[in-house]
Each structure stands twice: as C-alpha cells, then as structure tokens.
Amino acid sequence: MKRKMLTCVAVLGTIVLPTACESLLVGSRGEMVINFAERCYESTKAAYSLPDTNDFILEVTDASGKLVYGGKFGAAPEKMELPAGNYGVKVYSNEFKAPAFDLPQYGDYQLVKLNSGSYVKVNLLCSQLNAGIRLKTDSSFLTAYPGGLLYVKSTDGKLLYAYRETRIAYFNPGQVSVVLYNNGTEETLLSRTLASQQVLTVNISAVAPSGSASERGINIEIDTSRVWTSENYVIGADKDKGAEPSNAYSVVSAKENIGDEDVWVYGYIVGGDLTSSSSGISFAKPFSSRTHLAIAAKSSVTSKSSCMSVFLPDGEIRDELNLCDHPENLGRQVFVRGDIVSAYYGIPGVKNLSEYKWQ
C-alpha cells in the first residue's frame, strides 16, 4: 500500500471582523465553498464519537445577521453564490442550550469576507464548543451525608449528579458550580470557570476526625490528569490509512492519494450514467447503467468535478450497489475497497473493487 503524508488544509480567503458601517455590495457577487478541514475532523472523530459531517447543522449569516442558509451541512449547496460582503459561518454537531449529560457539542465559527468576483474556500475545524465536568464521589461522602444531594449548575440550569453517576455533565463555557443540598440547606462546594474544549474531573470525599457530625469536613480535589482539550490534532502520515473502513479515505483525501491500492474509500452515492464529457453525469433517477456510480463528500453535490467514479465489477457488488436496480441507494453513504485511479470517466475513481460496506 502506497504511503503519503497528509496535511491539514488552512483556511483560504480573508477572515475579518465586520464593522457596523460595512454593508453588502449590491449587484457584486462571489462564490463561497464550505467544507471541513478533512484531517482535523478525522483526528477528532478518532478520539470521540462524532456524527457524520452531513448531519452537522450549518448556518451562514450576512453582516446584518440575516440567515442566508440554515440546515444540514450535507444538504447545503456545493457552491454558494452570494453578494460581496462579510459573512458568519457556523457549524455545530447538535443543538445545545441547557446542561445535559453525554452531550458534547463540536463545531466551528468563522468570519469570512467575500469580495466581488472572488472565490473563497472556507475549511471548518472541528473542536469541542462546550465544556464538561465529572464528579467522582468517594463512599466516605455518602456515609457522612446519606441524605445529601449533589448538583452541578450554571446560569443555564442544573443537573442532579447521583453518587453513582459516571457520565460527563456538559455546560456552555463559563462558571460551573458543585452544590450540596443537605437537610434543607444549600452549600456551594466548588466553582470553576470552564473554557470550551475543557472537561474537568472533581474527586469528592468526606472526613470526620472525631466522628462528630458537627466536625465533618468535605475534601475537594481537582484531578488535573483528567483535564483535557481536543485542540491538539495529530497531522501527518498514517501507516494504516485506508486499511480498514474505520480509517477509510474520504473522497477529498482519496483524490490526494491516487495510486494507492487495496484501500477503503467512503462517500455518498450521488449519481451515475457517467460519460467522458466534463458535465457527463446524472444526479437523478432513473438511471440506465449498472456498471458504475459516482460518490462525493456530500450528498448534495451536483457537479461532476466534485465526484469520484466507482467501477462496479460483475457479481454481488454490482447487483447490490447499482442505481438501475436500486435507485434507493442514491444519497446513502457507502464504503468501497479497491484501487484509487487517476481517471475513470474523466475524474479520479475507484476500480478493482473487492468489498463494500454500508454505513
């Protein structure tokens, strides 16, 4: 298997802060293309359970705050032709408004300036936007405060943290407090200001030197070894890249690794009936060819140049994947194992398939 270095693509275009006097240049337009910085997303996904990028929520707003696009990233236009001006581009993995267990939120926000007649490519990163806290309560605390209740709270709300709770409680960045409710009284045990990407583990125990209830004390220990951020990405060669579906090449990265053989590539089935012309592809049923199909990084792709062609060998793979017999496959994510070739029907492709797998 051929090995190559992969790098994380930087954001292209000019990032600026809009001012109150700036306005859109009516009649002057440019093109904006929005994608994830591929390797950064894959590195984060390797460490955390992330939804597919197509299911992230994308919001594009103009300088006045008007929503230009709002919806799933996978359904967004491949290219956005917009009036020149300043835009906010926000993407996030899920809605997060109030404290919740096991609900990390990932995404990015960038301010972009689109000049008249220009083409701007926005590469979004994928980092944790909210913060988390986890309590580890020693049995001595339960003995000392059998009727006590622990809560974690912020100005957005609070969560009961049961003694046997092991999940992480997630909050918006800001001050988070650990509160003890005992015998009708409330006591704040700890307050910390948490930043995005931070998860804090707090160990809580109780001491009673003489056994007297009035002399009981509470120990709070911050376990610094359990504080981490997801901002450090490992970028570089991956000797096993493409060896398994779990680390398959995306369409974007596969195009950068033409010549690799017997590797996994994944994408969304977006069309078929390709020809050698630059626009020769059908993105809507019915389809007439059983021998091939086209995959792309997003299910909303409607340009041949953004696709990869896939040759379907005779047999089970062709019978199950072809769009003639299975038009319902259109829009589905598929993993295929084969050789990455420089051209098949005029675009990079995957041939010599030996396996496939549905997401």
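Colleague: Why is Cys324 called partly exposed?

Modeller: This is a predicted model. In it, Cys324 has a relative accessible area of 24%. Buried means under 20%, and exposed means over 50%. The value of 24% lies in between, so Cys324 is partly exposed.

Colleague: And what makes Cys126 buried?

Modeller: Its relative accessible area is 0%. The cut-off for buried is under 20%, so Cys126 qualifies.

Colleague: How many disulfides are there?

Modeller: The count is zero.

Colleague: What makes β11 an edge strand?

Modeller: Strand β11 (157-160) pairs on one side only, and so does β14 (185-194). The open sheet runs β11-β10-β13-β14, with antiparallel pairing. On average, its neighbouring strands are turned by 25° against each other, direction ignored.

Colleague: Why do β20 and β22 count as paired?

Modeller: Strand β20 (residues 307-311) and strand β22 (residues 347-358) share two bridges. The rule asks for at least two, so they pair, in the parallel sense. Ser309 stands opposite Gly349 in β22.

Colleague: Which sense does the pairing of β21 and β22 take?

Modeller: Antiparallel, over eight bridges. Val334 stands opposite Trp358 in β22. The hairpin of β21 and β22 has two residues between the strands, and Tyr345 takes a positive phi near 60° there.

Conventions: Residues are numbered from 1 along each chain as its sequence is written. This is a predicted model: local features need pLDDT of at least 70, side-chain atom pairs count only at pLDDT 80 or more; totals for chains, interfaces and linings use all residues. Side-chain values use heavy atoms; hydrogens and water are left out. Helices (H or I, at least four residues) and strands (E, at least two) are DSSP runs, numbered from the N terminus. Axes are lines fitted to C-alpha atoms, for helices over the stretch in contact, and angles run from 0 to 180 degrees between N-to-C directions. A disulfide is a pair of cysteine sulfur atoms within 2.5 Å. Buried means under 20% relative accessible area, exposed over 50%, partly exposed in between (1.4 Å probe, protein chains only).
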